[in-house]
Amino acid sequence: MRRTKVDRWGQELRDVRDPVALFGDSAQTAMLRLLTMAGKVPFRSAFDGLTVREQAIVRHVLGRQELRLTEPGVDAPPARFVLCHSAQGKLTVHEPARGDLPTEQVVAELALPEWMIEMIDEECLPAEVEEEHQRHELDQLLHTWHAEGTLPDRLEEVVDWVERVETVLIHVQRRVFSRSDSGSSTLIRDGVLPALRDRPPADWSPEERLFVATIQLLFRTGRAVRFEEFNGRQLTAVGLRRVLTARCATYLHALGEPATGRLSTATLTDLAALAGDLVERVDGSGQIRYRRINGLTYAKDEYLLSWERGGRRPVELPPTLRTLTGVLPGPVDGADAAAWVRGATTAALRTAQTDGDERDLVRILEGIVLGAVVEARADYGMSSGVRDLSRLDGPAGRYGDDVAGLKKPDFFCCVLPSPRMAADLAPAAVTDVLWQVAQRMMYNRWHFVPGNFDRAEVPRQRHYFFPPLVPDIGEWGDLRHGGHSTSRVRYTLRAPGAAMWQPPFTVGGRQYRGAYDIRLVRMDGPPFTLDDLRVACRYSALVDVLWREVAAYADAHDGWSPTITSFTGDWYATKAWHEPVERLAAAAETVGGLA
């Protein structure tokens, strides 16, 4: 029987709130347990989700073993501080005597000595003054846009942008600014942003002014995906300046350029523009950008990895390719992996055009996917794309009827299990997982295509997401995402193509990012590492070679390209996935392993 997201998440909350754990040890241990969901959310990220005053309280509790939490309603008179734990697993600390009333489930109370409360008050005052000072710059920005008459258009841009990412979950004090298919959606569905139309910014709340101005600036640094870097966190003007300054400094350091004093005196607008200008240069350097994703907070944090360009493509041919493709005409012995895939793909395309048989092309893709699965020690992996590449062809920048007519079935996802997973689980269970994943990825791929076009080209009613651009490592995806729960997607890797250090994937005159990928999944620990990320990127580079060869072949043959008919519901239902996995397992037994 499937265990749903609700089942899994409900059990997680019960475990974290276990009274024995909360009241049988120190207050610091209990608060850290609630704050980090028993270690599933990094402390830094969880701490960033607290208000300034909550952070001060936590800092003073840490290290004091004598402090204890008490059960709600036990103290007489009631304790000064009330701890709540929301249905989303977020800790909040309230002070009813100050008018800060709890709105979520109260799980504990905390009494602090008066001298400690005085210290908390002392610390909060300068922080509040600094925040007020920094917000003045953002308020002035809004008032300038209002005076220029551009604010209505900028607000509509914000409304549109928050629809282009999977999840927005940003806190401003006690207010939640969110847009999610699986959680709250205050921004659009509950009308927070639409309610600002036809009102001057002076009539907006301070939280609303902060949010709209910040979103405008963040978009300049790298489109709407930047919003997700604030998910699960408190948005403040002070925090915004700190993030933008650190981002610019990091990029300049990666490029070997001094930051000098220009960052400390730059306006927020200048910092956002500089970060946006530096991104493309960083992507062409000896560093790659990647993100870490936490499935509980939806936070997506960007980091840089030093990795010279020469190491980003595989040199040795993955043994899975030889095993699963057999002896294809075209590849040259001794060629590196990219040259081998290029030659094998050309030969497979000739066969498909002459005989109508796509099987050789499918085998190459299966060999790449299973190679990544084996080398990264994943439980299963996948690569998705469009069935008929000609549907993406067309004039540069134009979103025509061919693209507009694409539907989810016009895409495919090759999902294959590791030999170990295929041996450990019943075939029906494996098939169920693979087909669920395939359908979700087909939907995602369909959803990403319009994000490659100028906004004015895409009809307003066509919902889409901006395509993924950089590799990412994810954890705890199965606790909050329904599809991930049923498919046991706990730890993930994604390496989208075309990679940002490569030219866009071009079909005819159109250029695409996020048109294909390599994605890997572990259903249980340990999490993936940066070495695994490198593996995924190298195999994604082979998928890139395959698709570019298909596009080049189409250019040379009057636009002809094969239609991938494998990886349908029937393909999975008949357990066609078992054939390549069985061949791989048999080869491993014969030669003593393939990776």
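Q: Which residues of α5 are buried?
A: Arg 53, Glu 54, Gln 55, Ala 56, Ile 57, Val 58, His 60 and Val 61. Buried is under 20% relative accessible area, exposed is over 50%, and partly exposed is in between, with a 1.4 Å probe and protein chains only. Helices (H or I, at least four residues) and strands (E, at least two) are DSSP runs, numbered from the N terminus.

Q: Before we go on, what kind of model is this?
A: It's a predicted model, where local features need pLDDT of at least 70, side-chain atom pairs count only at pLDDT 80 or more, and totals for chains, interfaces and linings use all residues. Residues are numbered from 1 along each chain as its sequence is written, and side-chain values use heavy atoms, with hydrogens and water left out.

Q: Back to α5, then. Why is it called largely enclosed?
A: Because eight of the ten residues of α5 (residues 52–61) are buried, the rest of the structure largely encloses it.

Q: What do those buried residues pack against?
A: α3 (27–35), α4 (43–48), β2 (81–85), β3 (91–94), β4 (106–110) and α6 (114–148). Contact here means heavy atoms within 4.5 Å.

Q: And what comes just after the helix?
A: Gly 63, which takes a positive phi of about 90°.

Q: New topic: where does Asn 231 lie?
A: In the loop between α8 (206–220) and α9 (237–254). Asn 231 has 0% relative accessibility, so it counts as buried.

Q: What is Asn 231 in contact with?
A: Leaving aside neighbours within four places in sequence, Asn 231 is in contact with Thr 167, Val 168, Leu 169, Ile 170, Thr 297, Tyr 298 and Ala 299.

Q: Thr 167 is in β5, so which strand pairs with β5, and in which sense?
A: Strand β6 (residues 175–180) pairs with β5 (residues 167–172) in the antiparallel sense, over six bridges. For strands to pair, DSSP has to find at least two bridges between them. The bridge partner of Thr 167 in β6 is Ser 180. Two residues sit between the strands of this hairpin, where Gln 173 takes a positive phi near 55°.

Q: How many cavities of 30 Å³ or more are there?
A: Four. A cavity is a set of points, on a 1 Å grid over the protein atoms alone, where a 1.4 Å probe fits but cannot get out; lining residues have an atom within 4 Å of a point. Grid points are joined across faces, edges and corners, and a volume is the space filled by probe spheres set on the points.

Q: What's the largest one like?
A: The largest cavity holds about 100 Å³ of space. Its lining includes Leu 361, Arg 387, Phe 412 and Trp 547, and α14 (359–375) and α19 each supply at least two residues. By class, the lining has eleven nonpolar residues, no polar ones and one charged. Ala, Val, Leu, Ile, Met, Phe, Trp, Tyr, Cys and Pro count as nonpolar, Asp, Glu, Lys and Arg as charged, and the others, Gly among them, as polar.

Q: Last one: which peptide bonds are cis?
A: Among them are Gly 497 to Ala 498, with omega near 0°, and Gly 525 to Pro 526, also with omega near 0°. Ala 498 is in the loop between β12 (491–497) and β13 (505–507), while Pro 526 lies in the loop between β15 (516–522) and α19.

Key:
On a 1 Å grid over the protein atoms alone, a cavity is a set of points where a 1.4 Å probe fits but cannot get out, and a pocket is an open set with protein on both sides within 12 Å along at least five of seven lines; lining residues have an atom within 4 Å of a point.
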